[in-house]
Amino acid sequence: MANDRLTEAYRCGQLFAALAALERLSEGPHHSLGKPGVRRQLSTEPRKHLTVHLWQAGRYLAGATNRDQGLAAAVIFRQLPDLLPGRRELPGEIRDPAERARFQEGVQAQEAAIEKALAEL
């Protein structure tokens with residue numbers, strides 16, 4: 001069970017990174033997921049803070065297209081299904097500091113994967 005929770009935390013970190021990149025392409029550098037403290041909030045309560053951004057992913061894709069960032073946004077958008085945690089909904093709370101560290105590891109891994117995918121465009 002602990003490994004499943006760690007995996008969920010890691011995947012939530014990956015999902016955060018992808019949604020943050022998608023929102024940044026849509027709205028520019030002052031996007032809401034890039035604000036100070038947001039990553040920490042998300043690492044403790046992913047469902048509360050991340051679900052709304054997941055619902056907005058299509059809007060972010062359209063916004064990025066309107067800003068001539070559609071190709072990059074489409075690459076990131078197509079990653080989203082593979083980043084969803086295995087459960088029906090995102091975890092409500094991640095209390096264990098080790099799990100929050102896995103969240104951060106997921107963020108870093110996905111940021112690197114996005115950078116690599118966009119470099120290939």
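In what order do the elements of the chain run from the N terminus on? Here are my notes on that and a few other things in this predicted model.

1. **Overall fold.** Starting at the N terminus, the elements run α-α-α-α-α-α-α. That makes seven helices, with zero strands in the chain.

2. **Size and shape.** The chain has 121 residues, and a compact globule of that length would have a radius of gyration near 14 Å; the chain comes out at 14 Å, so the two agree. As for its extent, the C-alpha trace covers about 45 × 25 × 25 Å along the principal axes.

3. Buried residues make up 41% of the 121 in the chain.

4. **Contacts across the chain.** Take the contacts in the chain with a separation of 6 or more: 82% of them are between residues 24 or more positions apart. A couple of the points below give examples of residues and what they touch.

5. **The aromatic pair.** Searching the whole structure turns up one aromatic pair. The partners are Phe-16 and Phe-103, with ring centres 6.1 Å apart and 40 degrees between the planes, which is a tilted arrangement. This pair links distant parts of the chain, since Phe-16 sits in helix 1 (residues 2-27) and Phe-103 in helix 7 (residues 97-119), 87 residues apart. Both Phe-16 and Phe-103 are buried.

6. **Gln-110.** Setting aside residues up to four places away in sequence, Gln-110 touches Gln-14, Ala-17, Ala-18, Gln-79 and Leu-83.

7. **Ala-109.** Helix 7 also holds Ala-109. At 29% relative accessibility, Ala-109 falls between the 20% and 50% cut-offs and therefore counts as partly exposed. If you want a distance to check in the viewer, Ala-109 and Gln-69 are 22 Å apart in space, C-alpha to C-alpha, and 40 residues apart in sequence.

8. **His-53.** You'll find His-53 in helix 3 (residues 46-55). Its relative accessible area is 11%, so His-53 is buried by the under 20% criterion. Which residues does His-53 touch, not counting those up to four places away in sequence? They are Leu-19, Glu-23, Ser-32, Leu-33 and Tyr-60.

9. **Asp-68.** Just after helix 4, there is one backbone angle to look at: Asp-68 has a positive phi of about 60 degrees. Most residues other than glycine have a negative phi. Asp-68 is in the loop between helix 4 (57-66) and helix 5 (70-77). With a relative accessible area of 72%, Asp-68 is over the 50% cut-off and so counts as exposed.

Conventions. Residues are numbered from 1 along each chain as its sequence is written. This is a predicted model: local features need pLDDT of at least 70, side-chain atom pairs count only at pLDDT 80 or more; totals for chains, interfaces and linings use all residues. Side-chain values use heavy atoms; hydrogens and water are left out. Helices (H or I, at least four residues) and strands (E, at least two) are DSSP runs, numbered from the N terminus. Buried means under 20% relative accessible area, exposed over 50%, partly exposed in between (1.4 Å probe, protein chains only). Rings of Phe, Tyr and Trp (its six-membered ring) pair if their centres lie within 6.5 Å; planes under 30 degrees apart count as stacked, over 60 as edge-to-face and the rest as tilted. Contact means heavy atoms within 4.5 Å. The radius of gyration is taken over C-alpha atoms; the globule rule is 2.2 Å times the number of residues to the power 0.38.
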